[in-house]
Amino acid sequence: MVYCGKPSKACGECRLRRTRCDYKRPSCTQCLRAGRTCNGYRDTNDLMFRDESQGLSDKHRRSNEAQAQVKAERSRAIDIPSTSVSEIDFAVIALPQPEQSQNLSPLSLSLATSAEDQATCFFFQNYVLGGRDFFKGHIDYLSDIYSSEEVGSGLADSVASLGMVGLANFWKAPNIMSNAVIKYNSAMRTVSSQLRDVEQAKSDQTLISILLMGLYETNTCNSRQSMEAWKKHITGATALMQLRGKQALRTPLGYHMFIHLRAQVLTICIQRHAPIPRIITEWSNEIDFETPEQAAATALVNLASRYCDLRSSMSSFQDYSDSERIITTACAIDNDYDLWAKTCPYQLIYQTMTLKERSEEVFSDHYHVYPNLWVATVWNNYRAVRLLVNELILDQMCHLYLNSPESALLWNDVCFFENQVLASNTTLLQLCHDICATVPFYLGFDPNADKRMPRAIPKAVSGNMLLWSLYTAGYTDLVSDMMRNWVAGRLRWISDVIGIRQAAPLAFSLRRKQDILKWQNEKEDDDVCSPILNVESPAIETMV
């Protein structure tokens, strides 16, 4: 029985005409005055409660039917990883775009689309952001290739292999990964045959295929051999770029491929503490047609190359043979980084938003909002490399102060040691906090979102671009355990929700404070599984 509220005591005619009834019997005054027949009054006690048993039964039946239909659709989708990759429909498994996630509806499976097309669609939807000004220097140029010319088998297999890797990680399906290996090997054979012909070797699609095969190695990295294979791919792509000549930079496609290659080369040099190849630095300085924000990104590349040159001159991070030179050079680089941040073009300006209420998605009480993902990545590249510079300064300064207190460098300026240590510590903490403030933007945080609605899932490339800088901030010795745990939690979210598998070992590494950026030289015990052997370097696809 359902309570329906207190019903009106008026007669039927007064209720119909909405006139005031005086409840007189047998007829009210209004009906007598109007000369109409009064039909009397209802029993209000019977109207206060209504039997809804049949209505609830019907509603429950309809609800059960709807739930059964949804479960049937989900069961078919969940069964997909255990089947062949050719049975997967991309419309069901593609990660939703933020603006579309609130309006998703169940989609039926279709077996008409081939496995390669599904993997290609997955790759484009999750790794190619699109837009002329949205993410310069990344692989958005693939859209132009696919829309303007016939795609060769080498490039098509490279893209399909990456898409299948994404599907395998998303669904945690090893059988899909085996299909990705087949496509990757096919791309390798095709590219190898193309390299035997000079003209084919100089083609755009050959160079792009090699770059994507390098990305494949990082996305499937589970050993030191994968990183070595990635390095060989990028080294080969650098040789091809030199074979193509500087004139290739004059086309928009050639320029963007060079920016993509430059990012990979910088990443290798930072990891391996090697100098930047001359082709990268010289060609970068000769580009005279960049926009102000692109030129600012190129300036960051020059600063990063100076840091790489400095580290390559050292036998190890603890090389204290010439601390005065290292400190002087590193301080000069840090000063130029500071000048870059103060004089960057207005196109790179971002906003700092203050939280109205606490959120687990934001570390502090504020977060950053950027014009686009590319701008956010430029800033995080600046912060991550400057972190490395200041860590080097602190290490060398402390060693010099303890072992050579009579050094002239320490006494040229009053309180030079104290001032520099304080400045570097302050800079390190600020950079770490700033990197954490970018996380909500990368992961699609919306303070005004309805918490009752499903969380929008960002594209996979957003998580990929965040990994290296976020891990670098979390691993810095100066940060608090609270920040380190928060960073590890965000990395775990990237792994569990976005489906980027390599983020989970990064989170594990932070909790154990194991530096995965340094590959172990000694052989691991056969009975112990090290997270270092199960994770790719997060630096991939972050430098611009």
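This is a predicted model: local features need pLDDT of at least 70, side-chain atom pairs count only at pLDDT 80 or more; totals for chains, interfaces and linings use all residues.
Residues are numbered from 1 along each chain as its sequence is written, and side-chain values use heavy atoms, with hydrogens and water left out.

**View A. Helix α6 packs against helix α8 at about 80 degrees.** Here α6 covers residues 115-127, α8 covers residues 153-171, and their axes sit 7 Å apart. Helices (H or I, at least four residues) and strands (E, at least two) are DSSP runs, numbered from the N terminus. Axes are lines fitted to C-alpha atoms, for helices over the stretch in contact, with angles running from 0 to 180 degrees between N-to-C directions. The two helices are therefore roughly perpendicular (65 to 115 degrees; under 35 is roughly parallel, over 145 roughly antiparallel, the rest oblique).

**View B. Arg-311 is buried and has no salt bridge.** Buried means under 20% relative accessible area, exposed over 50%, and partly exposed in between (1.4 Å probe, protein chains only). A salt bridge needs a side-chain nitrogen of Lys or Arg within 4 Å of a carboxyl oxygen of Asp or Glu. For Arg-311, the nearest side chain of opposite charge is Asp-319, 7.4 Å away (Lys and Arg count as positive, Asp and Glu as negative; His and the chain ends are not counted). Arg-311 belongs to helix α15 (residues 292-312). Setting aside neighbours within four places in sequence, its contacts are His-273, Ser-316, Phe-317 and Leu-392.

**View C. Glu-286 pairs with Lys-246 in a salt bridge, 2.9 Å from N to O.** Glu-286 lies in helix α14 (residues 278-286) and Lys-246 in the loop between α12 (224-244) and α13 (252-272), so the pair ties together parts 40 residues apart in sequence. Glu-286 is partly exposed at 40% relative accessible area, and Lys-246 is partly exposed at 38%.

View D. Arg-492 is partly exposed at 41%, as is Asp-496 at 47%. Elsewhere, salt bridges with shared partners link Asp-334, Asp-338, Lys-342 and Arg-386 into one network.

Methods. Contact means heavy atoms within 4.5 Å.
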